[in-house]
Amino acid sequence: MTDTNSGDLQTRHTVVVPNSINMVSLLGPGDEFLGILEGAFAVELHVRGNRITLRGEPGEVALAERLLDELIAIIRTGQGMTDETVERVIDMLRAETTEKPADVLSLNILSNRGRSIRPKTLNQKKYVDAIDKHTITFGIGPAGTGKTYLAMAKAVQALQAKNINRIILTRPAVEAGESLGYLPGTLSEKIDPYLRPLYDALHDMIDPDTIPKLMAAGTIEVAPLAYMRGRSLNDSFIILDEAQNTTPEQMKMFLTRLGFGSKIVVTGDVTQVDLPNGAKSGLRIIEGILDEVEDIAFNRLTSNDVVRHRLVGKIVAAYDEFDAESQARIEGRQGPTRTSEQRSAEPR
């Protein structure tokens, strides 16, 4: 039904929550989730038993009703509800995507020791889907967006399904130099600090006791990028992490290691290049080279996809804004760039 209030057309609608849904799970302890809903949408809410009445502008009421439907669908999957989950569903609804937030947040990639690994944002879901559909996938975005973690989960999933025979994890050891020769200790001790994030992710996904056995058998290999040269990698799931620290030559070398029955995922953050002496980043230029090649996908994640502490996303967004403003000031001082046609038309 519709009501007129202060000259504005308003809608009032009542949502009847199924008896199988615990209202505390839906509304949150102390109505915490209800408070988030009220803050996100310009609607009035009244709860009586399992009936939630929404009143406000038709568009806002419709979004709030969709939010309740999505939260109910998520609860039915057995997932625990958090304030972060509610806020992520709201973000997806505001993005007007055709994807159902419940489908995004309920996609189970991998389960280990009672813990499930799932995409937490729409862009993460698109990234995971791209890995399924393409032989080579690039995941480009800031720290904390799950680029490497989700790629690792897909690799372990493929290994468990016997779609591949081994997982190869690699990253450039820029800080130590490619040779690593001057560092003390054994080879393992030399490269361990640069590969530690990959080991940490593995321990979340595979029983830690089995990892040494899998590595000894060659089923899982973790090595610096320099050790990929001259190889042809068949029946493998290969992940290149921190790819912004590859040169164009290294990127070409790595991509041409692809063998039959293999899949490659390349991850990196083009704003965090550590290459010395102003060397070009292979990740920065690769999309312009391969963007029209079939079976290759480029996926970009943003500060909105950061899944660490919510403050991390705000920090990344603030840095992006600062960098954009700094670049605008530099371009303003330099003046507009002349095209080659404009320069050729100038009097000599």
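**Exercise 1. State how many helices and strands the chain has.**

Solution. The chain of this predicted model has 13 helices and 12 strands. Helices (H or I, at least four residues) and strands (E, at least two) are DSSP runs, numbered from the N terminus. Residues are numbered from 1 along each chain as its sequence is written. Local features need pLDDT of at least 70, side-chain atom pairs count only at pLDDT 80 or more, totals for chains, interfaces and linings use all residues, and side-chain values use heavy atoms, with hydrogens and water left out.

**Exercise 2. Describe how helix α10 and helix α11 pack.**

Solution. Step 1: α10 covers residues 248–255 and α11 residues 282–290; the angle is about 60 degrees and the axes are 9 Å apart. Axes are lines fitted to C-alpha atoms, for helices over the stretch in contact, and angles run from 0 to 180 degrees between N-to-C directions.

Step 2: α10 and α11 are therefore oblique to each other. Angles under 35 degrees count as roughly parallel, over 145 as roughly antiparallel, 65 to 115 as roughly perpendicular and the rest as oblique.

Step 3: P248, M251 and L255 of α10 meet G282, L283, I285, I286 and L290 of α11, where contact means heavy atoms within 4.5 Å.

**Exercise 3. Determine how α2 and α4 are oriented to each other.**

Solution. Step 1: the axes of α2 (residues 32–40) and α4 (residues 83–94) come within 10 Å and cross at roughly 25 degrees.

Step 2: α2 and α4 are therefore roughly parallel to each other.

Step 3: the contact involves E32, F33, I36 and A40 of α2, with D83, V86, E87, I90 and R94 of α4.
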